[in-house]
Amino acid sequence: MSITAGGYAWGPESGRLLVNTTRTGLGAKAGHDLTIGVTRWHGDATVDPADPANCSVTVEVDTESFEVQEGTGGVKPLTSSDREEIAKIVREKILHTGRHPTITFRSSRVEGSAESFRIEGDLTMVGVTQPVTVQGALTEGRVHGSATVLQSRWGIRPYSAFFGALRVSDEVKIHFDLTLIPKH
């Protein structure tokens, strides 16, 4: 599938937006590496395959919509109660959803080709805006890619338990895999 110039939209109906965390510290064996799905989000893209400089991307995420999909590693498997507790911690202690109901990304520069592109832009979460770079590609009709976020750059203190023996790594990976839906 080739992408033609124009406006496109996306959201949960067109693909997946995932957040992956890893664990660190002396107690890391007790914790889990998490895959967290974002269930409510939407975005728009203006695409010009002939000139990436004319392209733009925006994404808005509902911070209440983070759901733990998978937990790997750990001493015992995650229960549904564990998943609910982790989601509550993400909402209340990490993202402070009451004060910051959305996370937004707005591109400032796009370069490369459909087969390998780079998007620079501003990511705003917990009321702080910082630059971030997204790497991506169009393969077999789907757009996929990732970005790495250091939580501390946004003033987020990575979650820790057991007096700091178990910690979530500062580095969090964001992955997307979606189909662009032409806007009419």
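Which backbone nitrogen does the side chain of S65 reach? In this predicted model, the side chain of S65 comes to 3.1 Å from the backbone nitrogen of R40.

- S65 belongs to the loop that links β6 (56-62) to β7 (66-72).
- Because its relative accessibility is 1%, below the 20% limit, S65 counts as buried.
- Leaving aside residues up to four places away in sequence, S65 is in contact with G37, V38, T39 and R40.

- Strand β5 (residues 41-47) is antiparallel to β6, and six bridges connect the two.
- Across this pairing, A45 is opposite V57 of β6.

- Nine bridges hold the antiparallel pairing of strand β9 (residues 116-125) with strand β10 (residues 128-139).
- T124 has T129 in β10 as its bridge partner.
- The hairpin of β9 and β10 has two residues between the strands.
- Strand β10 also pairs in the antiparallel sense with strand β11 (residues 142-150), through six bridges.
- Here the bridge partner of Q135 is S146 in β11.
- The hairpin of β10 and β11 likewise has two residues between its strands, and E140 there has a positive phi near 50 degrees.

**Residues with positive phi**

- Most residues other than glycine have a negative phi.
- V126, in the loop between β9 and β10, has a positive phi near 45 degrees although this residue is not glycine.
- V126 is buried because its relative accessible area, 15%, is under 20%.
- H96 also has a positive phi, near 45 degrees, and is a residue other than glycine.
- H96 is located in the loop between α1 and β8 (102-113).
- With a relative accessible area of 27%, which falls between 20% and 50%, H96 is therefore partly exposed.

- In soluble globular proteins, nonpolar side chains tend to be buried together.
- For V61, contacts beyond four places in sequence are made with L17, V38, R40, W41, F66, P101, T102 and I103.

**The segment after β15**

- K183 is found in the segment that follows β15.
- Its relative accessible area is 46%, so K183 is partly exposed.
- K183 and Y8 are 175 residues apart along the chain, yet their C-alpha atoms are separated by 5.1 Å.
- Not counting residues up to four places away in sequence, K183 touches G7, Y8, A9 and D44.

Key:
Residues numbered from 1 in each chain as written. Predicted model: local features only at pLDDT ≥ 70, side-chain atom pairs only at ≥ 80, totals over all residues. Heavy atoms only, no water. Helix = DSSP H or I, 4+ residues; strand = E, 2+ residues; numbered from the N terminus. Buried < 20%, exposed > 50% of the residue type's maximum accessible area, 1.4 Å probe, protein only. Polar contact = N/O pair within 3.5 Å; in protein donor to acceptor, adjacent residues only side chain to side chain. Contact = heavy atoms within 4.5 Å. Pairing = 2+ DSSP bridges.
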